[in-house]
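Visitor: Hi, could you walk me through this one? I'd like to hear about the aromatic rings and then the pockets.

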Amino acid sequence: MTSFFDALEKRSTDQREADLFAGFRELMDFALEHAPGLAAHLDGCSADEIEDRAALARLPVLRKSALSTVQSPEQPLGGFSTRSHRQMRHLFMSPGPIFEPGGEAPDFWRLGRFLHASGIGAGDIIQNCFSYHLTPAGTMFESAAAAVGAAVVPAGVGQTEMQARAAVALGVTAYAGTPDFLGKILEKADELGLETAISTATVSGGALFPSLRQGYADRGIATRQCYATADLGLVAYESDALDGMILDEHVIVEIVRPGTGDPVPDGEVGEVLVTVLNRDYPLVRFATGDLSAMLPGESACGRTAPRIKGWMGRADQATKIRGMFVRPEQVAELVARTGVGKARVTISRAGEDDVMAVSVEGSDGDTSALEETVRDLLKVRGSVTIVPPGSLPNDGKVIDDQRVYD
């Protein structure tokens with residue numbers, strides 16, 4: 001029988017939507033007054049206007065790259081936090097550099113829900129192999145362990161022999177880290193003739209390949225993964241049902257066509273946008289750059305939140321052809337201007353030349369006129385083929401670079 005982290009996981013769909021948007025409006029009333037960077041980005045938006053997803057979809061998308069342009073020594077968080085960076089408990093740095101806060105609230109990143117769903121609680125000892133240096137992953141899982149009452153070995157990365165010996169000596173029962181690093185610890189333990197008591201692995205920050213999950217299962221280790229970021233905290237997580245990734249109860253997730261903020265139909269692959277109800281750092285329509293798709297129905301575990309398929313690639317498909325960048329935003333503009341259903345740019349090689357071909361969904365049209373529009377918007381010549389509606393792959397790609405570089 002499923003053990004729930006809290007009653008939020010059992011809400012009806014209607015109740016969850018009502019609660020999320022009521023919470024969003026309340027948060028925005030506060031944030032628009034106390035986070036000047038967010039207020040400027042939303043450009044006069046009123047919290048009362050955002051009653052549902054359709055209204056949310058009219059707000060601008062916020063990309064992480066945009067944060068670096070507004071962060072400064074005077075405002076390291078770019079005015080997107082509701083408190084000064086000097087009032088935060090932690091400050092972290094991502095490549096860019098881009099700075100993110102860690103607040104004082106218990107389980108600030110909300111990963112306790114994920115550890116609970118993985119069966120970790122009081123009496124467990126977690127070997128936390130996420131980095132504690134400048135990036136928040138180590139601290140994220142540290143606070144999550146406190147939320148479920150588990151002890152932590154703050155192991156960080158590297159030093160596999162010490163990690164293996166510590167796991168055995170301390171009776172570690174759970175692992176937190178990237179999917180592949182656990183394998184290195186277990187291999188070192190095998191070399192040393194040691195056997196760990198690890199029975200659960202909670203992983204993130206890398207691809208969990210089926211063969212890797214099965215390899216751990218063969219050792220008696222149940223592996224569960226979550227989708228979390230430094231900016232947003234927990235977005236989605238697996239349960240024992242292993243039927244997709246369940247959305248956290250404090251986020252509003254949209255799947256949009258790459259290069260736009262336009263939601264796609266349920267089941268279609270697109271870019272993940274997340275609005276997080278975090279009073280200290282309330283990001284709105286934050287573009288993760290990751291691809292996924294919504295799944296129908298509810299998880300067999302009994303949790304009623306919507307689910308996504310998990311990580312399905314990157315939405316940032318910008319590539320260069322004949323010295324010019326072609327970006328998803330340009331393809332989105334091509335679709336909007338021509339009125340076609342979907343478009344897909346394929347880049348390949350013919351001898352020593354780059355070749356661009358554009359497939360558009362439609363029933364008819366003037367390919368010559370479309371080719372001129374392609375040249376006008378993408379700044380590169382390419383052939384155009386009209387294909388039947390619904391025939392382009394549902395993989396979230398709008399630019400498919402097929403060139404081989406090795």
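**Rings and pockets**

Guide: Phe-130 and Phe-141 are both buried, where buried means under 20% relative accessible area with a 1.4 Å probe, protein chains only. This is a predicted model, in which local features need pLDDT of at least 70, side-chain atom pairs count only at pLDDT 80 or more, and totals for chains, interfaces and linings use all residues. Residues are numbered from 1 along each chain as its sequence is written, and side-chain values use heavy atoms, with hydrogens and water left out.

Visitor: OK, and why is the pair of Phe-130 and Phe-141 called stacked?

Guide: Their ring centres are 4.6 Å apart and the planes are at 20°, so the pair counts as stacked. Rings of Phe, Tyr and Trp (its six-membered ring) pair if their centres lie within 6.5 Å; planes under 30 degrees apart are stacked, over 60 edge-to-face, and the rest tilted.

Visitor: Where in the chain are those two?

Guide: Phe-130 is in the loop between strand E4 (125-128) and H6, while Phe-141 is in helix H6, 11 residues apart, so to speak of the pair is to speak of a link between distant parts of the chain.

Visitor: How many aromatic pairs are there?

Guide: Four. One of them is Phe-108 with Trp-109, edge-to-face at 5.0 Å centre to centre and 85° between the planes.

Visitor: Switching topic: what volume does the largest pocket have?

Guide: About 1300 Å³. On a 1 Å grid over the protein atoms alone, a pocket is an open set of points where a 1.4 Å probe fits, with protein on both sides within 12 Å along at least five of seven lines. The volume is the space filled by probe spheres set on the points.

Visitor: Which residues lie nearest its centre?

Guide: Tyr-227, Ala-228, Asp-290, Trp-311 and Arg-314, out of 50 lining residues, a lining residue having an atom within 4 Å of a point.

Visitor: And why does the largest pocket lie between the domains?

Guide: Domain 1 (8-314) and domain 2 (319-401) both give residues to its lining, so the pocket lies between them.

Visitor: What about the second largest pocket, what's nearest its centre?

Guide: Arg-53, Val-253, Asp-266, Met-294 and Pro-306, among 25 lining residues. The space in that second largest pocket is about 460 Å³.

Methods
Domains from an automatic or database assignment. Helix = DSSP H or I, 4+ residues; strand = E, 2+ residues; numbered from the N terminus. Buried < 20%, exposed > 50% of the residue type's maximum accessible area, 1.4 Å probe, protein only.
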